[in-house]
Amino acid sequence: MSLKSTLRAATALSLITAGSAFADGHSATITIATVNNGDMIRMQGYTDGFTAETGIAVEWVTLEENVLRQRVTTDITTNGGQFDIMTIGMYETPIWGANDWLVPLNDLSAEYDAADILPAMAGGLSHDGTLYAAPFYGESSMIMYRTDLMEAAGLEMPEAPSWSFIAKAAREMTDRENDINGICLRGKAGWGEGGAFITAMSNSFGARWFDEEWNAQFDTREWSDTLNFYKNMMDDAGPAGFATNGFNENLSLFNQGKCGMWIDATVAASFVTGDDSTVADSVGFALAPDNGMGKRSNWLWAWALAIPAGTQQVDEAKQFIEWATGKGYIEQVAANEGWANVPPGARTSLYENPNYQAVPFAQMTLDSILSANPNDSTVDPSPYVGVQFAAIPEFAGIATEVSQEFSAAYAGQQSIEEALEKAQAITNEAMEAAGYR
Amino acid sequence: MARSVTPRRKLLNTTVAWAIGLLIFFPILWTILTSFKTEGDAIAAPPIFVGFEWTLENYRTVLERSDYGRFLWNSIIIAGLSTVLGCMIAIPAAWSMAFVPSKRTKDILLWMLSTKMLPAVGVLYPIYLIFIELGLLDSRAGLVVVLMLINLPIIVWMLYTYFKEIPGEILEAARMDGATLRQELLYVLTPMAIPGIASTLLLNFILAWNEAFWTLNLTAVNAAPLTAFIASYSSPEGLFFAKLSAASTMAIAPILILGWFSQKQLVRGLTFGAVK
């Protein structure tokens, strides 16, 4: 190939590969990395209105939760500047805020009314009193149950049941011949799947991940009680293969009428009462169970919008956050799609609105959120913030490994004692390597 | 001497081949079927195979929500250019290793292949930092180079294997007739190795098309290919299997069609040199 041909080929390659850099005609464009769920997708449908109001165009990068977490973590730790807004959760926010990787959100406008954000949400999305992410929607966990099956079993669900009642009800409602499982719970490995559920459950049994010197606590009676109670109940009344079930698998079972009870994210309430559910007319709600020790087994989570410190478009990003997490957006969705479809769990004023109070699961969602406290989630004192997680960078890796051991025990591949012994060793080793002990 | 095959044996062989073929194709078939179901039918237990209400709603939703054309164009450019660029480097490299081997040729080949054994995530941060420095993040040019580099060992290996099957005497004869190195490569070696080169190109195009780790981690908006398109429909909280299946079907359709039309060439290339 002659030099001329080589140059021609190189020019063509550059033009083809670089073409899109000149494609955008807007004065400002912000790029938002977000998670794929119903509320976030709904928001994308409304962003044309934001662009028309402000002249700021919005580009979306939508990814599955775990892929998104890896993607935004890589970008923020290297100051890559690929995103102007990131959708992150309660786990990342305090850690990233402490590292100055996020832009503080303490100067949002008066109309935005930051004081209206639910205190539990604002607390979990702050570090040292500074808000680093604005909640788009928040969730806790609660019991969703079949009122018809409960009635047939001759039982009545209390508003705030105990674990012993739940276990009894689960066994009573189980009807193996008709493929009805008394209870469906997460067992799938992963810190955000089965790991989140069992950690929240362990809080109500008096267990904790670490003592105040960051020593692992899996060798305590409380953890043994938690896992044995869970496994015995699930063996008797849970679905086959529960060790690999996560949110979606249980949602599918519940919607097909195969679960008497399901304890999971409050956001699922709109799914189990929606068009795809075969049992939508007979669903009741109750607080997640306790064990008489002063802590319930519900978690607290929020998907929130944060601005990475590396962005060049802080003002535009703040404008978008005020629009997406403000009261106006909620009213817009309510007007177009009904109050049951507005993003829940973020603002106090939503729960004071009589229209929203008429939504069947609204009050129970609020009560569940208010009963979870990320700064005081365990019976005995613990050194970490978070209900179903400990807000330290090492937690995700450790909890994923620990939940794998637990799932293996649920599946009968090892005993509960073996799983707890391994969890203790894994956690202490990792904490020692990280310099906590 | 060819063995005679009884009709019964032939029938058995055909049945087994079809069974294996269907087994391999089943996940793709299931994805395509699910893409035409409602979300409710998609999660039905026991699964519904054919007796469901067919709908195009998922395709309509996906096309409304995403700019499919942009993802498709990015995939074509990234997979196509990385494959062509890879071949431009690999053909001379494989030629020298096949026809002018040195003492270290085998070691070099093994070393090249060993780079494929390193987990990609192990070099994510260094590559990401280099991309930031060079301004290559979310650019098609950056991805073309990365995908070309990660597939290069396979291209060189495949071409080396094909070239080894070609008698060196033919190239020597061409040289004696006065062919230059360029003429030898272009007019003698390449035409003889066309089936091998074609199958290498196709295989690498498929590998680049399906590559998900780097394409997800190094892109955002401008250069995101179809792997990012699929990833945007996966959700651990919400039953969107029918929409995910529609997105997957749209992402694999071009490569399936390409594979269908080029299967003769692909099989010929993959069996090149197997029977002398």
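Which residue in strand 10 of chain A is the bridge partner of Ser140(A)? I looked it up, and the partner is Leu300(A).

**Ground rules.** I am working on a predicted model, where local features need pLDDT of at least 70, side-chain atom pairs count only at pLDDT 80 or more, and totals for chains, interfaces and linings use all residues. Residues are numbered from 1 along each chain as its sequence is written, while chains are lettered from A and ligands numbered from 1 in the order in which they are written.

**Chain A overall.** I found 18 helices and ten strands in chain A (DSSP runs numbered from the N terminus: H or I of at least four residues for helices, E of at least two for strands). Along the principal axes, the C-alpha atoms of chain A fill a box of roughly 80 × 55 × 50 Å. I noted that 50% of the 437 residues of chain A count as buried (20 or more other C-beta atoms within 10 Å of the residue's own; exposed means 12 or fewer, partly exposed in between, with C-beta atoms placed from the backbone).

**Strand 10.** Back to where I began: strand 10 of chain A covers residues 300-306, and seven of its seven residues are buried. Leu300(A), Ala302(A), Ala304(A) and Ala306(A) point one way, and Trp301(A), Trp303(A) and Leu305(A) the other. Strand 6 (residues 134-146) of chain A pairs with strand 10 in the antiparallel sense over six bridges (pairing needs at least two DSSP bridges). Strand 3 (residues 85-88) of chain A is also antiparallel to strand 10, over three bridges; here Thr87(A) has Leu305(A) as its bridge partner.

**The core.** Next I turned to the largest nonpolar core, which has 193 residues (buried Ala, Val, Leu, Ile, Met, Phe, Trp, Tyr and Cys joined through C-beta atoms within 7 Å). Ile85(A), Met144(A), Met261(A), Ala304(A), Ala94(B) and Leu159(B) touch the most other members. Helix 7 (residues 140-164) of chain B gives the most to this core, 14 residues. Domain 1 (28-132 + 301-357) and domain 2 (141-299 + 385-433) of chain A both contribute, so the core lies between them (bounds come from an automatic or database domain assignment). I also listed the contacts of Ile85(A) beyond four places in sequence: Ile30(A), Ile32(A), Leu305(A), Ile307(A), Ala317(A), Phe320(A) and Ile321(A) (contact means C-beta atoms, placed from the backbone, within 7 Å).

**Chain B against chain A.** The contact takes 31 residues from chain B and 32 residues from chain A. Helix 6 of chain B gives the most to the chain B side, with five residues. I sorted that side into 19 nonpolar, eight polar and four charged residues (Ala, Val, Leu, Ile, Met, Phe, Trp, Tyr, Cys and Pro are nonpolar, Asp, Glu, Lys and Arg charged, the others, Gly among them, polar).

**Trp60(A).** Last stop: is Trp60(A) buried or exposed? Trp60(A) is buried, with 20 other C-beta atoms within 10 Å. Trp60(A) lies in strand 2 (residues 56-63) of chain A and touches Ile32(A), Thr34(A) and Gln44(A), leaving out residues up to four places away in sequence.

Notes: Two residues are in contact if their C-beta atoms, placed from the backbone, lie within 7 Å.
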